[in-house]
Amino acid sequence: MRSTITGLAAAALLAASVAAPADATVRDRFRLQEQWSFTADCGFPVEVTGSSSLRFLLREGKNADAGAFPVLNRVSYSETWTNAESGEWFVIRGNSTFNEVKATRVEGSIFEFRGVEAGQPFVVEDSGGKVVVRNSGSVHVTYLFDTLGDEEPGGERVADVDLWIAGPHPSIFADPCEYAIELIG
């Protein structure tokens with residue numbers, strides 16, 4: 001079972017550049033604080049508790065980019081994974097920024113978005129604080145997105161176009177249960 005954060009980290013691919021595109025203006029800013037707990041089945045029960053802080057900046061495209069709503073997200077999170085039987089534990093945490101640095105109209109309500117995630121979106125530490133694995137650097141994505149032409153944020157992802165990874169990301173597609181088995185299993 002993948003953790004909530006792994007999903008956030010993957011979905012939230014975060015950016016190095018924080019400048020808004022020239023033809024965009026700020027539409028909305030908001031913060032979310034979340035806490036969660038669940039039991040993961042890693043071949044043995046693992047109690048997971050975590051919290052996150054997310055800061056969002058939603059921009060609104062202008063002129064040729066009208067109808068696009070590029071985002072800037074900053075995410076910080078921490079999860080503690082505890083073997084329910086032995087009490088042994090480890091931590092998964094991260095800090096990163098995702099910035100959709102460019103939105104280009106392809107046709108109609110379909111835009112090509114380019115985004116960059118930067119930071120340390122996935123770090124695993126054992127109970128002694130020793131870093132076991134760390135993803136760092138940047139992930140660059142390009143995808144097609146249909147805004148549905150309603151002049152409101154949201155829509156549907158149409159296709160992935162490109163993915164480029166810079167820097168070490170040894171666990172970008174890892175299942176956190178792999179670390180649970182290794183560290184507390």
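At 27% relative accessibility, E60 counts as partly exposed, a class that lies between buried (under 20% relative accessible area) and exposed (over 50%), with a 1.4 Å probe and protein chains only. The model is a predicted one, in which local features need pLDDT of at least 70 and side-chain atom pairs count only at pLDDT 80 or more, while totals for chains, interfaces and linings use all residues. Residues are numbered from 1 along each chain as its sequence is written, and side-chain values use heavy atoms, with hydrogens and water left out.

The side chain of E60 meets that of R27 in a salt bridge at 3.6 Å, N to O, the term standing for a side-chain nitrogen of Lys or Arg within 4 Å of a carboxyl oxygen of Asp or Glu. R27 belongs to strand β1 (residues 24-41) and E60 to strand β2 (residues 45-61), so the pair ties together parts that are 33 residues apart in sequence; strands here are DSSP runs of E with at least two residues, numbered from the N terminus. R27 also forms a salt bridge with E152 (3.1 Å, N to O), and this pair links distant parts of the chain, since E152 sits in the loop between β6 (131-146) and β7, 125 residues from R27.

Another salt bridge joins E125 and R93 at 2.8 Å, N to O, with E125 in strand β5 (residues 110-126) and R93 in strand β4 (residues 89-107). E125 is buried at 17% relative accessible area, whereas R93 is partly exposed at 25%.

Definitions and conventions: Helices (H or I, at least four residues) and strands (E, at least two) are DSSP runs, numbered from the N terminus.
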